Amino acid sequence: MPRAIRGVLVECDPSIKSIIVKIDSEEHAFIVEDLDDQTLVIKENMLAVLKMRLDEALKETQQPPSDSGSD
Amino acid sequence: MSVSSLASFEYLEGLPGTTFRRLYLQPSTALAIFRRMLPHLDLELWVHPNSKSFDHALTLPRQPTEALSLLSRLHIVHITARTRDEPQVVSLTKAFGSSLRLALTGGGDHQSFGVPSNDSTTADVDLNFLDDYAQMQWEGILHFVVSSAGEGMRQGGQGPTAAVKQLLESGHLVTRARHSGGGITQAGFSFLLQEANAQVWTLLLLWIKNAKEMEMDSVDVLSFLFMLGSLELGRAYSTTTLTASQKQMITYLVDFGLVYIPPSTKNQFFPTRLATTLTSDATALRSVAAGFNAAHTNASAMKGFIIIETNYRLYAYTTSPLQIAVLSLFTKLTTRYPNMVSGRITRESIYRAISHGITSDQVISYLSTHAHPQLLKASAAHGGGPVLPPTVVDQIRLWQIENERMKATSGFLFLEFESQKEYDACAKYADEIGVLVWRSDPKRMFFVSRVEQLRDYIKSRKIK
């Protein structure tokens, strides 16, 4: 009998995936199954938290380009 | 498929079979569901040469398609499990079949299409009046949702009733807790950008979900709504034949602007345009707006009023606080003149909108549906090109993609199949019913968005 696991399938770039893995490595609270370079399954109730943590992680590494032109 | 029908279908699909059996007792419900889904489905099923009568069982020549699986989720058809000896058989469920036949032939004494009032109608209730009334009530609700975002937008006029406010709150369209930038929520923003008919359905579905708390039966509420959808605009109906719970419901519907009860004659009610287009398909959505337009030829609210230039500058010829508030959700507004506001669409303003849950497509569709006639004329002059400047549209999409780092789909991961054969069969079945999202053949795993039918399928495989 096959097994079914409830979760959220996340598809993203390999770079983003490695950040998610890094976030998860701290407390293992997110990832249910690591499927491949671009896909993983995470816990359903943790999606919003993961998104927030990912945004934080990206803010540290990225400088948003400022808008050109003025009003 | 329009947004509204998607939302109402998703709700319906989640209902248990017993609920459907009770729903389909009303011919108006059967007809409404039939009407609503007809445009989206393979007509072949309905006019198949074998299906001479509605509940005549027809054998399935091929695997169940996505359309059939939707029909079975709505308990319109019953599909028998495939066995070795007999082919799969599809038949119309008894309750739906007989009710639909009643609805189409007009037989029976079920009063499910409302009873017209015989009393003399109130003279001053005409189509214009009903449209005015419906729009006033509905804009009151929208105003409340928007104005909960920004203080100072708050209007002195009458807002929606306390019951409606409570409903909006319990549906998380607005929140009293003023964290994360005000009282309006992500769901509230998406709600605002929907078309009127989709908004009505969103609110009604919220209402149905809360029906239990208000001591009402959700089946009663649903069948009453479907009945309203089959009524005739501008005609008086009698309230005396309504059941006690329906009378209770109608007071809420008055708050929503779906129904009007003249103060002088309490035993009559008039369905408004919001109610009578409930169960129509997508084309009728526009006729709601068109109907309002006809009633308000001088109201700028419903006409196109937005001009957007290739340099992301936006000019909106409107004085409506509602429209300005909606615009400010995704635009950096800078100046307000007596008859217009101007501003720019910036990366930050779009980011802010996205962080509240508005998608770029919603912004773009809002801009193009409300585009100023000048923009439409310009696009027609260029041989029917795009209405909005393509650079702006592309950039709004790019801004969204920049922020969308991952695509999330909730559902179930299937793994640990005993054999390749079992895996192949299950994955193939999942693909055919349209729920397969991701698969990995080497790992023998796949991910599906819905599990119910697949679970039945796996069980039926075990039995063999």
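## Strand pairing in chain B

Two strands are taken to pair if DSSP finds at least two bridges between them. The model described here is predicted. In chain B, strand β7 is joined to β8 (residues 313–316) by three bridges, and the two strands run antiparallel. Within this pairing, I308(B) lies opposite L314(B) of β8(B).

## The four-stranded sheet

The pair β7 and β8 belongs to an open sheet of four strands in chain B, arranged in the order β7-β8-β10-β9 with antiparallel pairing. At its edges are β7 (306–308) and β9 (332–336) of chain B, each of which pairs on one side only. From one strand to the next, the twist averages 20°.

## The contact between chains A and B

Chain B contributes 25 residues to the contact and chain A contributes 22 residues. On the side of chain B that touches chain A, β11 (406–415), β12 (436–440) and β13 (445–448) of chain B each supply at least two residues. The most comes from β11(B), which gives ten residues to that side. By residue class, the side of chain B that touches chain A comprises 14 nonpolar, six polar and five charged residues.

## Pairing across the chains

Strand pairing also links the two chains: β1 (residues 3–12) of chain A and β11(B) pair in the antiparallel sense over ten bridges. In this arrangement G7(A) stands opposite G411(B), a residue of β11(B).

Terms used:
Residues are numbered from 1 along each chain as its sequence is written. Chains are lettered from A and ligands numbered from 1 in the order in which they are written. This is a predicted model: local features need pLDDT of at least 70, side-chain atom pairs count only at pLDDT 80 or more; totals for chains, interfaces and linings use all residues. Axes are lines fitted to C-alpha atoms, for helices over the stretch in contact, and angles run from 0 to 180 degrees between N-to-C directions. Two residues are in contact if their C-beta atoms, placed from the backbone, lie within 7 Å. Ala, Val, Leu, Ile, Met, Phe, Trp, Tyr, Cys and Pro count as nonpolar, Asp, Glu, Lys and Arg as charged, and the others, Gly among them, as polar.
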